[in-house]
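Me: Hi! Could you walk me through this one while I have it open?

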Amino acid sequence: MSLVLHGAILSPFVRKARVSLIEKGIPYEHVQVVPFPPANNAPEFRRMSPLGKIPALSDGDFGISDSSVICAYLERSHPEPALYPADPKQYARALWLEEFADSKMVEAIGPIFFQRVVRAKFFKQQPDEAEVRKGIDALPAVFDYLEGQAGDDWLVGGRFSIADVAVGTVLAQLGHAGEAVDAARWPKLAAYAERVLSRPSFKSCIAEERQALAAV
Ligand SMILES: N[C@@H](CCC(=O)N[C@@H](CS)C(=O)NCC(=O)O)C(=O)O
(Lines give C-alpha, C1' and ligand atoms only; values in the text may rest on other atoms or scores of the structure.)
Protein backbone atom coordinates (compact mmCIF):
# COMPACT_ATOMS: atom_id res chain seq x y z
CA MET A 1 0.00 0.00 0.00
CA SER A 2 1.79 3.15 -1.08
CA LEU A 3 -0.52 5.83 0.33
CA VAL A 4 -0.04 6.74 3.97
CA LEU A 5 -2.11 9.37 5.78
CA HIS A 6 -0.37 10.90 8.78
CA GLY A 7 -2.43 12.55 11.51
CA ALA A 8 -4.86 12.08 14.39
CA ILE A 9 -8.32 10.82 13.53
CA LEU A 10 -10.12 13.42 15.67
CA SER A 11 -8.84 16.30 13.52
CA PRO A 12 -11.51 17.66 11.15
CA PHE A 13 -8.84 18.08 8.48
CA VAL A 14 -7.64 14.49 8.83
CA ARG A 15 -11.28 13.32 8.62
CA LYS A 16 -11.68 15.38 5.44
CA ALA A 17 -8.80 13.49 3.82
CA ARG A 18 -10.00 10.11 5.15
CA VAL A 19 -13.55 10.64 3.84
CA SER A 20 -12.12 11.57 0.41
CA LEU A 21 -9.97 8.43 0.41
CA ILE A 22 -12.94 6.25 1.40
CA GLU A 23 -15.34 7.88 -1.08
CA LYS A 24 -12.82 7.20 -3.84
CA GLY A 25 -12.22 3.65 -2.64
CA ILE A 26 -8.48 4.24 -2.31
CA PRO A 27 -6.65 1.85 0.02
CA TYR A 28 -4.38 3.65 2.48
CA GLU A 29 -2.53 3.15 5.71
CA HIS A 30 -2.97 5.48 8.66
CA VAL A 31 -0.08 6.58 10.86
CA GLN A 32 -0.99 8.32 14.10
CA VAL A 33 0.68 11.75 14.47
CA VAL A 34 -0.62 14.21 17.06
CA PRO A 35 -0.33 17.91 16.18
CA PHE A 36 1.96 18.71 19.10
CA PRO A 37 5.73 18.52 19.69
CA PRO A 38 7.69 16.35 19.66
CA ALA A 39 5.52 14.30 17.20
CA ASN A 40 4.92 17.11 14.71
CA ASN A 41 8.50 18.32 14.96
CA ALA A 42 10.05 15.04 13.78
CA PRO A 43 12.22 15.81 10.72
CA GLU A 44 10.57 13.08 8.60
CA PHE A 45 7.14 14.58 9.38
CA ARG A 46 8.32 18.15 8.72
CA ARG A 47 9.60 17.09 5.30
CA MET A 48 5.97 16.34 4.35
CA SER A 49 4.41 19.06 6.49
CA PRO A 50 6.77 22.04 6.83
CA LEU A 51 4.28 23.85 9.12
CA GLY A 52 3.98 20.83 11.40
CA LYS A 53 0.23 20.55 10.79
CA ILE A 54 -1.84 17.43 10.25
CA PRO A 55 -2.79 15.84 7.91
CA ALA A 56 0.13 14.89 5.69
CA LEU A 57 0.04 12.31 2.95
CA SER A 58 2.88 10.26 1.58
CA ASP A 59 2.74 8.40 -1.71
CA GLY A 60 5.97 6.43 -1.96
CA ASP A 61 8.75 8.97 -1.51
CA PHE A 62 6.44 11.91 -2.32
CA GLY A 63 4.98 13.78 0.64
CA ILE A 64 2.53 16.68 0.90
CA SER A 65 0.42 18.39 3.56
CA ASP A 66 -2.80 20.40 3.91
CA SER A 67 -6.19 18.71 3.58
CA SER A 68 -7.22 20.82 0.56
CA VAL A 69 -3.97 20.02 -1.25
CA ILE A 70 -4.26 16.33 -0.34
CA CYS A 71 -7.87 16.13 -1.62
CA ALA A 72 -6.88 17.91 -4.84
CA TYR A 73 -3.95 15.49 -5.27
CA LEU A 74 -6.26 12.50 -4.77
CA GLU A 75 -8.65 13.87 -7.37
CA ARG A 76 -5.85 13.99 -9.96
CA SER A 77 -4.30 10.66 -8.99
CA HIS A 78 -7.67 8.85 -8.66
CA PRO A 79 -10.20 10.80 -10.77
CA GLU A 80 -13.17 8.45 -10.22
CA PRO A 81 -15.56 8.99 -8.57
CA ALA A 82 -15.04 12.72 -9.03
CA LEU A 83 -15.34 14.87 -5.92
CA TYR A 84 -14.93 18.15 -7.81
CA PRO A 85 -17.66 19.34 -10.22
CA ALA A 86 -16.67 19.63 -13.90
CA ASP A 87 -18.75 22.75 -14.52
CA PRO A 88 -16.55 25.84 -13.84
CA LYS A 89 -19.15 27.68 -11.76
CA GLN A 90 -20.07 24.64 -9.71
CA TYR A 91 -16.36 23.91 -9.27
CA ALA A 92 -15.81 27.42 -7.93
CA ARG A 93 -18.80 27.14 -5.59
CA ALA A 94 -17.55 23.80 -4.24
CA LEU A 95 -14.10 25.32 -3.59
CA TRP A 96 -15.71 28.31 -1.89
CA LEU A 97 -17.75 26.08 0.44
CA GLU A 98 -14.62 24.06 1.19
CA GLU A 99 -12.85 27.30 2.10
CA PHE A 100 -15.83 28.45 4.21
CA ALA A 101 -15.78 25.16 6.12
CA ASP A 102 -12.00 25.12 6.64
CA SER A 103 -11.90 28.72 7.87
CA LYS A 104 -15.18 30.16 9.21
CA MET A 105 -16.73 26.93 10.44
CA VAL A 106 -13.51 25.71 12.06
CA GLU A 107 -13.03 29.16 13.65
CA ALA A 108 -16.38 28.74 15.48
CA ILE A 109 -16.43 25.00 16.19
CA GLY A 110 -12.70 24.44 16.75
CA PRO A 111 -12.49 26.20 20.14
CA ILE A 112 -15.56 24.36 21.49
CA PHE A 113 -14.01 21.03 20.46
CA PHE A 114 -10.60 22.01 21.79
CA GLN A 115 -11.92 22.99 25.24
CA ARG A 116 -14.44 20.20 25.72
CA VAL A 117 -12.54 17.34 24.14
CA VAL A 118 -8.81 18.04 23.83
CA ARG A 119 -8.42 20.04 27.02
CA ALA A 120 -11.00 18.25 29.19
CA LYS A 121 -10.50 14.66 28.05
CA PHE A 122 -6.90 14.48 26.85
CA PHE A 123 -5.19 17.13 29.01
CA LYS A 124 -7.49 16.49 32.02
CA GLN A 125 -7.91 20.23 32.55
CA GLN A 126 -11.03 22.30 33.16
CA PRO A 127 -12.39 23.72 29.89
CA ASP A 128 -12.10 27.48 29.54
CA GLU A 129 -15.80 28.38 29.46
CA ALA A 130 -15.12 31.86 28.03
CA GLU A 131 -13.53 30.21 24.98
CA VAL A 132 -16.45 27.77 24.66
CA ARG A 133 -18.91 30.69 24.83
CA LYS A 134 -17.00 32.58 22.09
CA GLY A 135 -17.36 29.55 19.82
CA ILE A 136 -21.03 29.03 20.65
CA ASP A 137 -21.77 32.72 20.02
CA ALA A 138 -20.15 32.43 16.58
CA LEU A 139 -22.32 29.47 15.51
CA PRO A 140 -25.59 31.25 14.51
CA ALA A 141 -23.91 33.33 11.78
CA VAL A 142 -22.28 30.17 10.38
CA PHE A 143 -25.55 28.21 10.53
CA ASP A 144 -27.56 31.09 8.98
CA TYR A 145 -25.23 31.09 5.99
CA LEU A 146 -25.32 27.30 5.58
CA GLU A 147 -29.11 27.21 5.96
CA GLY A 148 -29.20 29.30 2.75
CA GLN A 149 -26.87 26.83 0.99
CA ALA A 150 -28.51 23.54 2.00
CA GLY A 151 -31.19 22.15 -0.30
CA ASP A 152 -32.77 18.72 -0.57
CA ASP A 153 -29.62 16.85 -1.53
CA TRP A 154 -25.95 17.85 -1.78
CA LEU A 155 -24.51 21.33 -1.57
CA VAL A 156 -23.41 21.80 -5.18
CA GLY A 157 -25.05 20.65 -8.41
CA GLY A 158 -27.00 17.76 -6.85
CA ARG A 159 -23.85 15.61 -6.52
CA PHE A 160 -21.79 14.75 -3.48
CA SER A 161 -18.61 16.82 -3.72
CA ILE A 162 -15.64 18.22 -1.85
CA ALA A 163 -18.03 20.86 -0.48
CA ASP A 164 -19.96 18.12 1.35
CA VAL A 165 -16.75 16.46 2.54
CA ALA A 166 -15.47 19.77 3.98
CA VAL A 167 -18.74 20.97 5.55
CA GLY A 168 -19.59 17.45 6.78
CA THR A 169 -16.29 17.00 8.59
CA VAL A 170 -16.84 20.17 10.63
CA LEU A 171 -20.44 19.13 11.40
CA ALA A 172 -19.03 15.84 12.70
CA GLN A 173 -16.64 17.84 14.89
CA LEU A 174 -19.62 19.76 16.28
CA GLY A 175 -21.18 16.46 17.34
CA HIS A 176 -17.99 15.34 19.11
CA ALA A 177 -18.00 18.71 20.90
CA GLY A 178 -21.49 18.02 22.26
CA GLU A 179 -23.41 20.51 20.10
CA ALA A 180 -25.99 20.03 17.34
CA VAL A 181 -27.78 22.15 14.76
CA ASP A 182 -31.16 23.21 16.20
CA ALA A 183 -33.68 21.83 13.67
CA ALA A 184 -36.36 24.32 14.79
CA ARG A 185 -34.15 27.27 13.79
CA TRP A 186 -32.13 25.78 10.91
CA PRO A 187 -34.33 22.95 9.49
CA LYS A 188 -32.56 22.57 6.14
CA LEU A 189 -29.11 22.52 7.70
CA ALA A 190 -30.17 20.04 10.41
CA ALA A 191 -31.60 17.69 7.74
CA TYR A 192 -28.45 18.16 5.66
CA ALA A 193 -26.23 17.34 8.66
CA GLU A 194 -28.15 14.14 9.21
CA ARG A 195 -27.88 13.26 5.50
CA VAL A 196 -24.17 13.93 5.07
CA LEU A 197 -23.14 12.24 8.32
CA SER A 198 -25.17 9.16 7.34
CA ARG A 199 -22.93 8.45 4.37
CA PRO A 200 -20.97 5.24 4.95
CA SER A 201 -17.67 7.17 4.63
CA PHE A 202 -18.55 9.55 7.45
CA LYS A 203 -20.29 6.88 9.52
CA SER A 204 -17.25 4.60 9.57
CA CYS A 205 -14.89 7.44 10.53
CA ILE A 206 -17.21 8.75 13.26
CA ALA A 207 -17.72 5.26 14.74
CA GLU A 208 -13.95 4.79 15.02
CA GLU A 209 -13.54 8.27 16.52
CA ARG A 210 -16.26 7.63 19.12
CA GLN A 211 -14.49 4.43 20.11
CA ALA A 212 -11.22 6.34 20.50
CA LEU A 213 -12.95 9.00 22.61
CA ALA A 214 -14.63 6.39 24.81
CA ALA A 215 -11.22 4.85 25.52
CA VAL A 216 -9.72 8.13 26.85
N1 LIG B 1 -5.18 24.22 6.37
C2 LIG B 1 -4.76 23.01 7.04
C3 LIG B 1 -5.09 23.12 8.53
C4 LIG B 1 -4.59 21.92 9.32
C5 LIG B 1 -4.60 22.18 10.81
O6 LIG B 1 -4.73 23.32 11.27
N7 LIG B 1 -4.45 21.09 11.56
C8 LIG B 1 -4.34 21.24 13.00
C9 LIG B 1 -5.00 20.06 13.73
S10 LIG B 1 -6.74 20.01 13.49
C11 LIG B 1 -2.87 21.24 13.38
O12 LIG B 1 -2.11 20.45 12.84
N13 LIG B 1 -2.48 22.11 14.30
C14 LIG B 1 -1.14 22.15 14.79
C15 LIG B 1 -0.47 23.45 14.52
O16 LIG B 1 -1.12 24.40 14.03
O17 LIG B 1 0.73 23.55 14.84
C18 LIG B 1 -5.44 21.80 6.40
O19 LIG B 1 -6.46 21.97 5.73
O20 LIG B 1 -4.91 20.68 6.51
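Here is a chat about the fold, the ligand site and some backbone details.

Me: What kind of model is this, and how are residues numbered?
Reply: It is a predicted model, where local features need pLDDT of at least 70, side-chain atom pairs count only at pLDDT 80 or more, and totals for chains, interfaces and linings use all residues. Residues are numbered from 1 along each chain as its sequence is written, and side-chain values use heavy atoms, with hydrogens and water left out.

Me: Where does the ligand sit?
Reply: In the largest pocket. A pocket here is an open set of points on a 1 Å grid over the protein atoms alone, where a 1.4 Å probe fits, with protein on both sides within 12 Å along at least five of seven lines. Sitting in it requires more than half of the molecule's atoms to lie within 2 Å of its grid points.

Me: Which residues surround the ligand?
Reply: Ser 11, Pro 12, Phe 13, Pro 35, Lys 53, Ile 54, Pro 55, Asp 66 and Ser 67 surround it, judged by a heavy atom within 4 Å. By class, that shell has five nonpolar, two polar and two charged residues. Ala, Val, Leu, Ile, Met, Phe, Trp, Tyr, Cys and Pro count as nonpolar, Asp, Glu, Lys and Arg as charged, and the others, Gly among them, as polar.

Me: And which polar side-chain atoms lie by its oxygen atoms?
Reply: One from Ser 67 lies 2.6 Å from a ligand oxygen, and one from Lys 53 lies 3.5 Å from a ligand oxygen. There's also a polar side-chain atom of Asp 66, at 3.0 Å from a ligand nitrogen. The cut-off for such pairs of N or O atoms is within 3.5 Å.

Me: Switching to backbone: what is the phi of Asp 66?
Reply: Asp 66 has a positive phi of about 85°, although it is not a glycine. Asp 66 lies in the loop between strand E4 (62-65) and helix H3 (67-77).

Me: Which residues does a cis peptide bond join?
Reply: Ile 54 and Pro 55, with omega about 5°. Pro 55 is in the loop between H2 and strand E3 (56-59). The bond from Pro 37 to Pro 38 is cis too, with omega near 5°, and Pro 38 is in the loop between strand E2 (29-32) and helix H2 (43-48).

Key:
A polar contact is a pair of N or O atoms within 3.5 Å; within protein, one must be able to donate a hydrogen and the other to accept it, and residues adjacent in sequence count only if both atoms are side-chain atoms. On a 1 Å grid over the protein atoms alone, a cavity is a set of points where a 1.4 Å probe fits but cannot get out, and a pocket is an open set with protein on both sides within 12 Å along at least five of seven lines; lining residues have an atom within 4 Å of a point. Helices (H or I, at least four residues) and strands (E, at least two) are DSSP runs, numbered from the N terminus.
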